[in-house]
Amino acid sequence: MTSATAAAALRRDNLIGSLWMVLAMLGFAIEDSLFKAASTQLPVAQVLFLVGLAGIAGFAAIAQLRGDRVFSRDTRARPMQIRMGFEVFGRLFYVLALAVAPLSAATVILQATPVVVVAAAALVFGERVGPRRIAAIAIGFLGVLVVLQPGADSFQWSAVLAVCGMLGFAGRDLASRAAPKSLSPAVLGVYGYVAIMVAGLLFGIWSGAAWLWPDAAALGILAMTVAVGALAYVSLMKAMRTGEVSAVTPFRYSRLLIGIGIGVLWFDEALRPSMLMGSALILCAGFLLLWSGRVQNR
């Protein structure tokens, strides 16, 4: 394969991975909204447990139809163990943040994930992160700070929960990159939802909140949460396995705009000028990252 052919293939993979990432972010933003709605009717631990249980059943059925082995030596590989730990940590703290903080605020904090993932990818996988990408990531992080306004009323203790969730998701995504290639998205989905169920059990034991029998409306919300979350999960796994992490990850910023829109339209959250300014900076960072990736691969 010539260098020109390899560069063209890399550009194609980066484009496909970016599209998968945008689809995943749309799904996760909708899933966040459904999680938040479900947590107003049922205890957070119960929501996590039921969504995890349903997700395990769904992905196990898909794996069975595809002929994938859910239990194998590769599922016990060290990256999978690390991935499970980060998944439990991230899911637990981010869902707690969704329950007690505005959706738009939690979504903004989550946008620091690309900064962590791209920086860690350079250290762990040796990916090249040039000055253009570093500048773009700095602009994106500045945009997050403008929206978040540390020290202002919008930065409360609940923000710490979202930060912990963000760090957990960043670790999960990097571990997914290192997971054995033999594991299909369906098998990864099974273990991802096992982590969600474990997070629910752990938080249920700690909180001691009594579980409730869900009514038809709550069951409907939970079913939609599982369906949308499964689509988003598969899309994320495909995104993280296609193209370069540093090229695909910045498209996580699309979740910011989607989450803010849902927060304003669905949950009547206020749209501050600082949020508009920060969102504009984050969009500029995304375009700069896209441009720098094209220049770098020519």
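Colleague: Is Tyr94 buried or exposed?

Modeller: This is a predicted model, in which local features need pLDDT of at least 70, side-chain atom pairs count only at pLDDT 80 or more, and totals for chains, interfaces and linings use all residues. Residues are numbered from 1 along each chain as its sequence is written, and side-chain values use heavy atoms, with hydrogens and water left out. Buried means under 20% relative accessible area, exposed over 50%, and partly exposed in between (1.4 Å probe, protein chains only). Phe169 is buried, and so is Tyr94: buried.

Colleague: Why is the pair of Phe49 and Trp211 classed as it is?

Modeller: Rings of Phe, Tyr and Trp (its six-membered ring) pair if their centres lie within 6.5 Å; planes under 30 degrees apart count as stacked, over 60 as edge-to-face and the rest as tilted. By this rule there are five aromatic pairs. Because the ring centres of Phe49 and Trp211 are 5.3 Å apart and the planes stand at 50 degrees, the pair is tilted.

Colleague: Which class does Trp211 fall into by accessibility?

Modeller: Phe49 has 18% relative accessibility and therefore counts as buried. Trp211 has 39%, so the class is partly exposed.

Colleague: What kind of aromatic pair do Tyr94 and Phe169 form?

Modeller: Their centres are 5.7 Å apart. With 70 degrees between the planes, the pair of Tyr94 and Phe169 is edge-to-face.
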